[in-house]
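This briefing sets out selected features of one protein chain, grouped by topic. The sequence and the structure are shown first.

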Amino acid sequence: MVFKFEPIYLERPWGGISFKSILGRPVPANSKVGEAWEIVDRKHCESMLTTSSPGDASLRNLIESNPHELMGPGWNPMRRFPILVKWLDCAARLSLQVHPPESIAEELGGEAKTENWYVAHACPGAVLWVGLKKGVDKQTLLEAIEKGSVEILCNRIESKAGDSILVKSGEIHAIDAGNLILEIQQNSDSTYRIFDWGRMGLDGKPRQLHLEKSLRCINFQSSEPQVLSSPENPERVLADCSHFRIRKFIGYKSQVIPLKKKNEQCMVLTALNGSLELGDDTLENGRSCLSPYSQACEVRLMNDGEFLVTDRFYLPN
């Protein structure tokens, strides 16, 4: 048994049509849909179960009613689900931004956020920016922001399908146009914009910047980011930090891959380049589901394909 949820679509100034053209989803026409929140448990944004999942409730209802069966022994039912899974359709460049680290998040009224980007599709010439180049200090950054040339101070990465990169809280970053990205992150919606390329928001007004908060969050000693390319081996760890682990599996049609036994950690599965069978249920390409602590989980690939498994966001004793 797994739990599947309805995506929550959000318009963004940089949104595009990749959810329809690449993922085959029936998104609203003539709208700039930039984000699809696949699994989320926030006060004003809660994932709702699909009609094919058991029961009729939100992720929040599931946690409150069955905390130990879903998450594992010791889970506080009032605690939010610890990660957020979303798709980003970047038809235009996103703002240059930073997320607050644990040490200062509460003081700034925000929540810490480390995230991982998995590039599902990249147009020719698309890039990513993560972290500042060695030697960049606060004054140099401020001068570049004033001149509108801040991107030359950031580490530039040419993106391609299958790339994965962990973006730690405190690291300045931006996503260029032409990227379709699966983002797996801490459950946070705290983003401080440093620079937005002079762009207007959906209301026709300049989007708010958060320069003072950003400068307090930025790690000026961040190292050059590590990019993991698509592996040829059947299993590879893409990210392993104190907040989550992400593994990528590659398999062939009809292959069965056991992932966990009963009463092992809760995990999130995301189908890539194909669909999966999970018992009597099917996980379509591009969709995510939740396998609870109390249930065993094995995957049968419906075609040659790939999928991600995210776990270790809660390890019961």
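**Salt bridges, sheet pairing and backbone geometry**

Arginine 60 and glutamate 64 form a salt bridge in which the closest N and O atoms are 3.2 Å apart. The model in which this pair is described is a predicted one.

**Salt bridge within a helix**

- Arginine 60 and glutamate 64 stand four residues apart in helix α2 (residues 59-65), so about one helical turn separates them.
- Arginine 60 counts as buried, at 5% relative accessibility, whereas glutamate 64 counts as partly exposed, at 38%.

**Salt bridges between distant parts of the chain**

- The side chains of arginine 245 and aspartate 311 meet in a salt bridge, with an N to O distance of 2.8 Å.
- This pair links distant parts of the chain, 66 residues apart: arginine 245 belongs to strand β17 (residues 245-251) and aspartate 311 to strand β24 (residues 305-311).
- Arginine 245 and aspartate 311 are both buried.
- Between glutamate 284 and lysine 4 there is a salt bridge whose closest N and O atoms are 4.0 Å apart.
- Lysine 4 counts as buried, because its relative accessibility of 7% falls under the 20% limit.
- Glutamate 284 is partly exposed, with a relative accessible area of 36%.

**Salt-bridge count and network**

- The count of salt bridges comes to 27.
- A network of salt bridges links Arg12, Glu35, Lys86, Lys113, Glu115 and Glu183.

**Sheet pairing**

- An open sheet is formed by seven strands in the order β2-β3-β6-β13-β8-β11-β15, with antiparallel pairing.
- Its edge strands are β2 (8-16) and β15 (227-228), each of which pairs on one side only.
- Strand β8 (residues 115-122) and strand β11 (residues 164-167) run antiparallel and are joined by four bridges.
- Asparagine 116 has leucine 166, in β11, as its bridge partner.

- Asparagine 155 is located in strand β10 (residues 154-158).
- At 11% relative accessibility, asparagine 155 counts as buried.
- Which residues are in contact with asparagine 155, leaving aside its neighbours within four places in sequence? They are Leu128, Trp129, Val130, Gly131, Leu132, Lys133, Ser223, Glu224 and Pro225.

- Most residues other than glycine have a negative phi.
- Tryptophan 197, although not a glycine, has a positive phi of about 60°.
- The position of tryptophan 197 is in the loop between β14 (192-195) and α6 (211-217), and the residue is partly exposed, with a relative accessible area of 23%.
- Asparagine 273, likewise not a glycine, has a positive phi of about 55°.
- Asparagine 273 sits in the loop between β19 (267-272) and β20 (276-278).
- With a relative accessible area of 49%, asparagine 273 is partly exposed, because exposed residues are those over 50%.

Terms used: Residues are numbered from 1 along each chain as its sequence is written. This is a predicted model: local features need pLDDT of at least 70, side-chain atom pairs count only at pLDDT 80 or more; totals for chains, interfaces and linings use all residues. Side-chain values use heavy atoms; hydrogens and water are left out. Helices (H or I, at least four residues) and strands (E, at least two) are DSSP runs, numbered from the N terminus. Buried means under 20% relative accessible area, exposed over 50%, partly exposed in between (1.4 Å probe, protein chains only). Two strands pair if DSSP finds at least two bridges between them. Contact means heavy atoms within 4.5 Å.
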